[in-house]
Amino acid sequence: MTGSGSWHAEQAWLGRRAENVVIEVVDGRIVDIVEGKPAPLHAVRLRGWTVPGLANAHSHAFQRLLRGEVESGGGDFWRWRERMYGYSHSDPADYFTHARRVFREMLESGITAVGEFHYLHSHGNALGQALIDAAREEGIRLTLIDACYLRGGLDGRPLDEHQRAFSDGDADAWARRGDELRDGDGVRIAAAIHSVRAVDPESMRVVAAYARERRAPLHIHLAEQPAEVEQCMAVERCTPVELLEREGILGPDLTAVHAIHLNALDISLLGANHAGVCACPTTERDLGDRVAPLLELAAAGCRLSAGSDSNAMIDPLEEARGIELDQRRATGRRVLHQPEDLMAAVTVNGMSALGWEAGELKVGALADFVTFATPELERRDLDAGHLVYALTGRDVTNVVVGGKTVVVK
Ligand SMILES: [Zn+2]
(Lines give C-alpha, C1' and ligand atoms only; values in the text may rest on other atoms or scores of the structure.)
Protein backbone atom coordinates (compact mmCIF):
# COMPACT_ATOMS: atom_id res chain seq x y z
CA MET A 1 0.00 0.00 0.00
CA THR A 2 2.93 2.37 -0.59
CA GLY A 3 2.94 3.34 -4.23
CA SER A 4 4.54 6.32 -5.92
CA GLY A 5 3.57 8.31 -8.99
CA SER A 6 1.96 11.43 -10.43
CA TRP A 7 -1.68 12.16 -11.06
CA HIS A 8 -3.34 15.07 -12.84
CA ALA A 9 -6.88 15.89 -11.68
CA GLU A 10 -9.12 17.96 -13.95
CA GLN A 11 -10.89 19.31 -10.83
CA ALA A 12 -9.95 18.50 -7.24
CA TRP A 13 -11.18 19.36 -3.74
CA LEU A 14 -8.38 20.97 -1.71
CA GLY A 15 -10.79 22.22 0.93
CA ARG A 16 -12.05 24.33 -1.99
CA ARG A 17 -12.39 23.76 -5.71
CA ALA A 18 -9.15 23.68 -7.71
CA GLU A 19 -8.45 23.01 -11.39
CA ASN A 20 -5.67 21.14 -13.18
CA VAL A 21 -4.10 19.79 -10.03
CA VAL A 22 -0.91 17.75 -10.15
CA ILE A 23 -0.56 15.37 -7.19
CA GLU A 24 2.90 13.89 -6.63
CA VAL A 25 3.13 10.81 -4.42
CA VAL A 26 6.20 9.10 -2.99
CA ASP A 27 5.96 5.95 -0.85
CA GLY A 28 2.25 6.32 -0.24
CA ARG A 29 2.25 9.99 0.84
CA ILE A 30 1.49 13.21 -1.01
CA VAL A 31 4.77 15.15 -1.40
CA ASP A 32 3.59 17.92 -3.70
CA ILE A 33 0.33 19.46 -4.92
CA VAL A 34 0.30 22.18 -7.57
CA GLU A 35 -2.80 23.61 -9.21
CA GLY A 36 -3.24 25.34 -12.53
CA LYS A 37 -0.76 23.11 -14.33
CA PRO A 38 -1.18 21.12 -17.55
CA ALA A 39 -0.83 17.37 -17.20
CA PRO A 40 2.80 16.23 -17.18
CA LEU A 41 3.44 13.50 -19.74
CA HIS A 42 4.03 10.82 -17.13
CA ALA A 43 0.98 11.67 -14.99
CA VAL A 44 -2.16 9.54 -14.77
CA ARG A 45 -5.03 11.75 -15.95
CA LEU A 46 -8.14 11.86 -13.75
CA ARG A 47 -11.17 13.27 -15.56
CA GLY A 48 -14.03 14.54 -13.42
CA TRP A 49 -13.94 15.42 -9.71
CA THR A 50 -11.16 14.13 -7.47
CA VAL A 51 -11.72 14.27 -3.72
CA PRO A 52 -9.94 12.84 -0.67
CA GLY A 53 -10.44 9.13 0.01
CA LEU A 54 -13.67 8.41 1.88
CA ALA A 55 -13.65 6.88 5.37
CA ASN A 56 -16.07 4.24 6.61
CA ALA A 57 -15.64 4.63 10.35
CA HIS A 58 -17.87 1.76 11.50
CA SER A 59 -18.47 -1.57 9.80
CA HIS A 60 -19.26 -5.16 10.68
CA ALA A 61 -18.30 -7.01 7.49
CA PHE A 62 -20.16 -10.18 8.50
CA GLN A 63 -23.50 -8.35 8.68
CA ARG A 64 -23.35 -7.88 4.91
CA LEU A 65 -24.75 -11.43 4.88
CA LEU A 66 -28.05 -10.14 6.30
CA ARG A 67 -28.73 -7.78 3.41
CA GLY A 68 -32.24 -8.47 2.14
CA GLU A 69 -32.54 -11.54 4.39
CA VAL A 70 -34.28 -10.24 7.49
CA GLU A 71 -36.95 -8.00 5.99
CA SER A 72 -40.08 -9.99 6.81
CA GLY A 73 -41.65 -11.25 10.02
CA GLY A 74 -41.81 -8.06 12.12
CA GLY A 75 -40.02 -7.22 15.35
CA ASP A 76 -37.69 -4.58 16.68
CA PHE A 77 -33.92 -3.95 17.08
CA TRP A 78 -33.61 -6.76 19.62
CA ARG A 79 -35.40 -9.24 17.37
CA TRP A 80 -33.06 -8.16 14.53
CA ARG A 81 -30.11 -8.73 16.85
CA GLU A 82 -31.21 -12.32 17.56
CA ARG A 83 -31.41 -12.98 13.82
CA MET A 84 -28.09 -11.21 13.23
CA TYR A 85 -26.39 -13.51 15.74
CA GLY A 86 -27.33 -16.42 13.49
CA TYR A 87 -24.95 -14.99 10.86
CA SER A 88 -22.03 -14.43 13.23
CA HIS A 89 -20.33 -17.82 12.85
CA SER A 90 -17.80 -18.23 10.10
CA ASP A 91 -14.68 -20.21 9.57
CA PRO A 92 -11.59 -18.16 8.76
CA ALA A 93 -11.28 -19.21 5.12
CA ASP A 94 -14.94 -18.39 4.39
CA TYR A 95 -14.61 -15.11 6.27
CA PHE A 96 -11.57 -14.11 4.24
CA THR A 97 -13.50 -14.70 0.99
CA HIS A 98 -16.56 -12.86 2.31
CA ALA A 99 -14.52 -9.90 3.60
CA ARG A 100 -12.74 -9.54 0.27
CA ARG A 101 -16.11 -9.12 -1.45
CA VAL A 102 -17.29 -6.58 1.12
CA PHE A 103 -14.03 -4.59 0.92
CA ARG A 104 -14.12 -4.60 -2.88
CA GLU A 105 -17.66 -3.21 -2.75
CA MET A 106 -16.42 -0.49 -0.38
CA LEU A 107 -13.47 0.44 -2.60
CA GLU A 108 -15.73 0.67 -5.63
CA SER A 109 -17.97 3.13 -3.76
CA GLY A 110 -14.98 5.37 -2.91
CA ILE A 111 -14.09 4.10 0.57
CA THR A 112 -10.31 3.97 1.05
CA ALA A 113 -10.27 3.20 4.80
CA VAL A 114 -12.63 1.08 6.87
CA GLY A 115 -12.96 0.55 10.60
CA GLU A 116 -14.01 -3.01 11.33
CA PHE A 117 -15.64 -3.10 14.75
CA HIS A 118 -14.70 -6.70 15.38
CA TYR A 119 -16.04 -9.01 18.08
CA LEU A 120 -16.10 -12.42 16.40
CA HIS A 121 -13.58 -14.23 18.59
CA SER A 122 -14.68 -17.86 18.29
CA HIS A 123 -11.40 -18.67 16.52
CA GLY A 124 -9.22 -16.39 18.65
CA ASN A 125 -7.62 -13.93 16.28
CA ALA A 126 -8.19 -16.00 13.14
CA LEU A 127 -11.25 -14.03 11.96
CA GLY A 128 -9.53 -10.71 12.72
CA GLN A 129 -6.52 -11.92 10.78
CA ALA A 130 -8.89 -12.91 7.93
CA LEU A 131 -10.06 -9.27 7.84
CA ILE A 132 -6.45 -8.04 7.76
CA ASP A 133 -5.54 -10.47 4.97
CA ALA A 134 -8.66 -9.57 2.97
CA ALA A 135 -7.97 -5.83 3.31
CA ARG A 136 -4.36 -6.31 2.13
CA GLU A 137 -5.49 -8.45 -0.77
CA GLU A 138 -8.01 -5.84 -1.97
CA GLY A 139 -5.88 -2.78 -1.13
CA ILE A 140 -8.21 -1.04 1.34
CA ARG A 141 -6.82 0.61 4.46
CA LEU A 142 -8.08 -1.17 7.60
CA THR A 143 -8.39 -0.20 11.23
CA LEU A 144 -9.22 -3.40 13.08
CA ILE A 145 -11.16 -2.17 16.10
CA ASP A 146 -11.09 -5.22 18.33
CA ALA A 147 -14.01 -5.11 20.74
CA CYS A 148 -14.07 -6.32 24.31
CA TYR A 149 -17.36 -8.16 24.99
CA LEU A 150 -17.85 -9.78 28.38
CA ARG A 151 -21.45 -9.92 29.57
CA GLY A 152 -25.03 -10.24 28.38
CA GLY A 153 -26.35 -7.00 29.89
CA LEU A 154 -25.94 -4.23 32.46
CA ASP A 155 -27.57 -6.38 35.13
CA GLY A 156 -24.64 -8.80 34.80
CA ARG A 157 -26.69 -11.49 33.08
CA PRO A 158 -24.60 -14.26 31.49
CA LEU A 159 -23.73 -14.32 27.82
CA ASP A 160 -26.17 -16.22 25.62
CA GLU A 161 -24.98 -19.08 23.41
CA HIS A 162 -24.01 -16.76 20.53
CA GLN A 163 -22.45 -14.06 22.70
CA ARG A 164 -20.13 -16.59 24.38
CA ALA A 165 -18.14 -16.70 21.13
CA PHE A 166 -17.55 -12.92 21.39
CA SER A 167 -16.03 -13.07 24.89
CA ASP A 168 -12.43 -13.50 26.03
CA GLY A 169 -13.56 -14.20 29.60
CA ASP A 170 -12.11 -11.02 31.10
CA ALA A 171 -10.52 -7.76 29.99
CA ASP A 172 -6.95 -8.92 30.66
CA ALA A 173 -7.44 -11.93 28.39
CA TRP A 174 -8.92 -9.56 25.77
CA ALA A 175 -5.76 -7.40 26.02
CA ARG A 176 -3.42 -10.39 25.78
CA ARG A 177 -5.15 -11.57 22.61
CA GLY A 178 -5.04 -8.03 21.22
CA ASP A 179 -1.28 -7.95 21.76
CA GLU A 180 -0.91 -10.75 19.23
CA LEU A 181 -2.28 -8.46 16.50
CA ARG A 182 0.19 -6.08 14.92
CA ASP A 183 0.00 -2.75 13.10
CA GLY A 184 1.46 -2.94 9.60
CA ASP A 185 1.37 -1.40 6.16
CA GLY A 186 -2.20 -0.16 5.71
CA VAL A 187 -3.36 -1.83 8.94
CA ARG A 188 -3.91 -0.34 12.39
CA ILE A 189 -5.10 -2.14 15.48
CA ALA A 190 -7.54 -0.18 17.64
CA ALA A 191 -9.72 -1.01 20.63
CA ALA A 192 -13.40 -0.95 21.46
CA ILE A 193 -15.62 -1.31 24.46
CA HIS A 194 -18.49 -3.10 22.71
CA SER A 195 -21.08 -1.13 24.73
CA VAL A 196 -21.93 -0.26 28.31
CA ARG A 197 -24.18 -3.35 28.16
CA ALA A 198 -21.42 -5.80 27.30
CA VAL A 199 -18.52 -4.46 29.42
CA ASP A 200 -18.52 -3.72 33.18
CA PRO A 201 -17.01 -0.40 34.39
CA GLU A 202 -13.77 -1.90 35.69
CA SER A 203 -13.13 -3.70 32.40
CA MET A 204 -13.97 -0.51 30.46
CA ARG A 205 -11.10 1.20 32.24
CA VAL A 206 -8.75 -1.65 31.24
CA VAL A 207 -9.75 -1.30 27.57
CA ALA A 208 -9.40 2.50 27.61
CA ALA A 209 -5.97 2.30 29.27
CA TYR A 210 -4.88 -0.30 26.71
CA ALA A 211 -5.88 1.99 23.81
CA ARG A 212 -4.33 5.08 25.40
CA GLU A 213 -0.99 3.40 26.15
CA ARG A 214 -0.78 2.52 22.45
CA ARG A 215 -2.22 5.82 21.17
CA ALA A 216 -4.83 3.76 19.35
CA PRO A 217 -8.38 4.91 18.59
CA LEU A 218 -11.04 3.83 21.10
CA HIS A 219 -14.61 3.15 19.97
CA ILE A 220 -17.91 2.22 21.66
CA HIS A 221 -21.51 1.56 20.61
CA LEU A 222 -23.45 4.15 22.61
CA ALA A 223 -27.14 4.69 23.38
CA GLU A 224 -28.50 3.21 20.16
CA GLN A 225 -31.68 2.02 21.87
CA PRO A 226 -33.72 3.37 24.82
CA ALA A 227 -33.46 0.03 26.65
CA GLU A 228 -29.71 0.54 27.11
CA VAL A 229 -30.30 3.93 28.73
CA GLU A 230 -33.10 2.55 30.94
CA GLN A 231 -30.97 -0.38 32.14
CA CYS A 232 -28.03 1.91 32.79
CA MET A 233 -30.23 4.24 34.85
CA ALA A 234 -31.58 1.26 36.81
CA VAL A 235 -28.20 -0.37 37.52
CA GLU A 236 -25.68 2.51 37.51
CA ARG A 237 -28.07 5.37 38.43
CA CYS A 238 -26.81 7.44 35.52
CA THR A 239 -26.96 7.59 31.71
CA PRO A 240 -24.43 5.68 29.57
CA VAL A 241 -22.62 8.95 28.77
CA GLU A 242 -22.45 9.89 32.47
CA LEU A 243 -21.10 6.40 33.17
CA LEU A 244 -18.33 6.93 30.60
CA GLU A 245 -17.55 10.31 32.17
CA ARG A 246 -17.46 8.74 35.66
CA GLU A 247 -15.07 6.02 34.49
CA GLY A 248 -12.72 8.40 32.62
CA ILE A 249 -13.54 6.99 29.20
CA LEU A 250 -14.60 10.23 27.46
CA GLY A 251 -11.90 12.00 25.48
CA PRO A 252 -10.92 13.22 22.01
CA ASP A 253 -9.66 9.72 21.12
CA LEU A 254 -13.11 8.19 21.76
CA THR A 255 -15.59 7.62 18.93
CA ALA A 256 -19.13 7.02 20.14
CA VAL A 257 -21.10 5.11 17.53
CA HIS A 258 -24.82 5.98 17.14
CA ALA A 259 -25.17 8.30 20.21
CA ILE A 260 -28.92 8.55 19.63
CA HIS A 261 -30.71 8.59 23.00
CA LEU A 262 -28.99 11.48 24.73
CA ASN A 263 -30.14 14.24 27.05
CA ALA A 264 -28.77 17.78 27.16
CA LEU A 265 -26.15 16.88 29.79
CA ASP A 266 -24.96 13.90 27.72
CA ILE A 267 -24.52 16.14 24.68
CA SER A 268 -22.57 18.73 26.64
CA LEU A 269 -20.33 16.03 28.20
CA LEU A 270 -19.52 14.50 24.79
CA GLY A 271 -18.89 17.96 23.33
CA ALA A 272 -16.77 19.24 26.23
CA ASN A 273 -14.57 16.13 25.90
CA HIS A 274 -14.34 16.61 22.11
CA ALA A 275 -15.43 13.02 21.56
CA GLY A 276 -16.11 11.86 18.03
CA VAL A 277 -19.60 10.66 17.10
CA CYS A 278 -20.08 8.18 14.28
CA ALA A 279 -23.55 8.14 12.75
CA CYS A 280 -24.66 5.15 10.67
CA PRO A 281 -27.78 6.53 8.95
CA THR A 282 -28.55 3.73 6.48
CA THR A 283 -28.26 1.06 9.17
CA GLU A 284 -30.09 3.14 11.76
CA ARG A 285 -32.99 3.50 9.30
CA ASP A 286 -32.92 -0.21 8.60
CA LEU A 287 -33.04 -1.09 12.30
CA GLY A 288 -35.76 1.40 13.23
CA ASP A 289 -33.34 3.40 15.38
CA ARG A 290 -34.35 6.96 16.13
CA VAL A 291 -32.46 9.99 14.84
CA ALA A 292 -29.42 11.20 16.78
CA PRO A 293 -29.18 14.89 17.80
CA LEU A 294 -26.26 15.34 15.41
CA LEU A 295 -26.59 19.10 14.93
CA GLU A 296 -26.51 19.63 18.70
CA LEU A 297 -23.55 17.25 19.06
CA ALA A 298 -21.59 19.05 16.34
CA ALA A 299 -22.43 22.43 17.91
CA ALA A 300 -21.26 21.13 21.31
CA GLY A 301 -17.83 20.23 19.90
CA CYS A 302 -18.12 16.62 18.63
CA ARG A 303 -16.49 15.62 15.34
CA LEU A 304 -19.05 13.76 13.22
CA SER A 305 -18.09 10.78 11.09
CA ALA A 306 -20.15 8.07 9.38
CA GLY A 307 -20.17 4.31 8.95
CA SER A 308 -21.91 1.65 6.91
CA ASP A 309 -22.31 -0.47 10.09
CA SER A 310 -24.46 -3.47 9.04
CA ASN A 311 -23.63 -2.91 5.35
CA ALA A 312 -27.31 -3.14 4.43
CA MET A 313 -26.03 -0.74 1.80
CA ILE A 314 -22.54 0.54 1.05
CA ASP A 315 -22.43 4.11 -0.22
CA PRO A 316 -20.50 6.70 1.77
CA LEU A 317 -22.27 9.61 0.06
CA GLU A 318 -25.64 8.18 1.11
CA GLU A 319 -24.30 8.08 4.70
CA ALA A 320 -23.09 11.68 4.37
CA ARG A 321 -26.45 13.03 3.19
CA GLY A 322 -28.27 10.65 5.56
CA ILE A 323 -26.71 12.53 8.49
CA GLU A 324 -28.64 15.57 7.31
CA LEU A 325 -31.74 14.12 5.64
CA ASP A 326 -32.85 11.98 8.59
CA GLN A 327 -32.71 15.05 10.81
CA ARG A 328 -34.84 16.97 8.32
CA ARG A 329 -37.69 14.50 8.88
CA ALA A 330 -37.12 14.52 12.62
CA THR A 331 -37.06 18.32 12.95
CA GLY A 332 -39.12 19.66 10.03
CA ARG A 333 -36.20 21.89 9.04
CA ARG A 334 -33.72 21.90 6.13
CA VAL A 335 -29.98 22.38 5.80
CA LEU A 336 -28.97 21.86 9.39
CA HIS A 337 -25.44 20.88 8.30
CA GLN A 338 -23.54 22.54 5.47
CA PRO A 339 -22.39 20.21 2.65
CA GLU A 340 -18.72 20.93 3.43
CA ASP A 341 -19.31 19.62 6.97
CA LEU A 342 -20.94 16.45 5.62
CA MET A 343 -17.95 15.97 3.35
CA ALA A 344 -15.62 16.41 6.31
CA ALA A 345 -17.57 13.69 8.16
CA VAL A 346 -16.83 11.09 5.48
CA THR A 347 -13.26 12.25 4.82
CA VAL A 348 -10.98 13.87 7.38
CA ASN A 349 -13.12 13.25 10.48
CA GLY A 350 -13.63 9.59 9.64
CA MET A 351 -9.93 9.11 8.89
CA SER A 352 -9.04 10.72 12.21
CA ALA A 353 -11.50 8.43 14.05
CA LEU A 354 -9.66 5.48 12.48
CA GLY A 355 -6.18 6.82 13.27
CA TRP A 356 -5.10 7.76 9.73
CA GLU A 357 -3.49 11.00 8.50
CA ALA A 358 -5.70 11.08 5.45
CA GLY A 359 -8.96 12.56 4.22
CA GLU A 360 -7.38 15.78 2.93
CA LEU A 361 -5.47 16.45 -0.27
CA LYS A 362 -2.43 18.17 1.17
CA VAL A 363 1.31 17.67 1.37
CA GLY A 364 2.21 15.07 3.99
CA ALA A 365 -1.15 13.28 3.96
CA LEU A 366 -1.55 9.64 2.96
CA ALA A 367 -2.22 9.49 -0.77
CA ASP A 368 -5.84 8.33 -0.79
CA PHE A 369 -8.09 9.94 -3.41
CA VAL A 370 -11.24 9.12 -5.30
CA THR A 371 -12.50 10.38 -8.65
CA PHE A 372 -16.15 10.77 -9.62
CA ALA A 373 -17.13 11.27 -13.23
CA THR A 374 -20.49 11.51 -15.01
CA PRO A 375 -21.37 13.27 -18.28
CA GLU A 376 -23.06 16.02 -16.24
CA LEU A 377 -19.93 16.72 -14.16
CA GLU A 378 -17.98 17.64 -17.31
CA ARG A 379 -20.01 20.86 -17.50
CA ARG A 380 -19.97 21.62 -13.78
CA ASP A 381 -17.67 23.21 -11.25
CA LEU A 382 -16.88 20.94 -8.32
CA ASP A 383 -18.90 21.92 -5.27
CA ALA A 384 -19.63 20.11 -2.03
CA GLY A 385 -23.43 20.38 -2.29
CA HIS A 386 -23.55 18.68 -5.67
CA LEU A 387 -21.03 16.07 -4.58
CA VAL A 388 -22.96 15.08 -1.45
CA TYR A 389 -26.52 15.30 -2.80
CA ALA A 390 -26.29 14.49 -6.51
CA LEU A 391 -23.74 11.68 -6.73
CA THR A 392 -23.60 8.11 -5.47
CA GLY A 393 -20.88 5.54 -4.99
CA ARG A 394 -21.74 4.21 -8.45
CA ASP A 395 -20.29 7.37 -10.00
CA VAL A 396 -16.78 6.51 -8.77
CA THR A 397 -14.40 5.90 -11.66
CA ASN A 398 -10.96 5.75 -10.01
CA VAL A 399 -9.64 5.03 -6.52
CA VAL A 400 -6.09 5.42 -5.24
CA VAL A 401 -5.07 4.13 -1.79
CA GLY A 402 -1.60 4.98 -0.52
CA GLY A 403 -0.44 5.86 -4.02
CA LYS A 404 -1.69 2.62 -5.54
CA THR A 405 -4.59 2.48 -7.98
CA VAL A 406 -7.12 -0.05 -6.70
CA VAL A 407 -10.22 0.78 -8.79
CA VAL A 408 -10.40 1.87 -12.42
CA LYS A 409 -13.76 1.89 -14.18
ZN1 LIG B 1 -22.08 -1.53 15.07
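A cavity is defined on a 1 Å grid over the protein atoms alone, as a set of points where a 1.4 Å probe fits but cannot get out; lining residues have an atom within 4 Å of a point. The model is predicted: local features need pLDDT of at least 70, side-chain atom pairs count only at pLDDT 80 or more, and totals for chains, interfaces and linings use all residues. Residues are numbered from 1 along each chain as its sequence is written, and side-chain values use heavy atoms, with hydrogens and water left out.

Four cavities of 30 Å³ or more are present. Helix α1 gives the most, with five residues. Helices (H or I, at least four residues) and strands (E, at least two) are DSSP runs, numbered from the N terminus.

Aromatic pairs were searched across the whole structure, and nine were found. Rings of Phe, Tyr and Trp (its six-membered ring) pair if their centres lie within 6.5 Å; planes under 30 degrees apart count as stacked, over 60 as edge-to-face and the rest as tilted. The F77 and W80 rings have centres 5.9 Å apart and planes at 35°, so this pair is tilted. F77 and W80 are about one helical turn apart because they are three residues apart in helix α1 (residues 77-85). Both are buried (under 20% relative accessible area, 1.4 Å probe, protein chains only).

W174 and Y210 form an edge-to-face pair, 4.9 Å centre to centre with 65° between the planes. This pair links distant parts of the chain: W174 lies in helix α4 (residues 171-178) and Y210 in helix α5 (residues 201-213), 36 residues apart. Both W174 and Y210 are buried. The charged end of R214 sits over the Y210 ring, 3.6 Å from its centre. The criterion is NZ of Lys or CZ of Arg within 6 Å of the ring centre and within 35 degrees of the ring normal. R141 likewise places its charged end over the ring of W356, 4.9 Å from the centre. Elsewhere, ring pairs link F62, Y85, Y119, Y149 and F166 into a cluster.

H118 lies in strand β6 (residues 111-118). H118 is buried, at a relative accessible area of 3%.

Key. Buried means under 20% relative accessible area, exposed over 50%, partly exposed in between (1.4 Å probe, protein chains only). On a 1 Å grid over the protein atoms alone, a cavity is a set of points where a 1.4 Å probe fits but cannot get out, and a pocket is an open set with protein on both sides within 12 Å along at least five of seven lines; lining residues have an atom within 4 Å of a point. Grid points are joined across faces, edges and corners, and a volume is the space filled by probe spheres set on the points.
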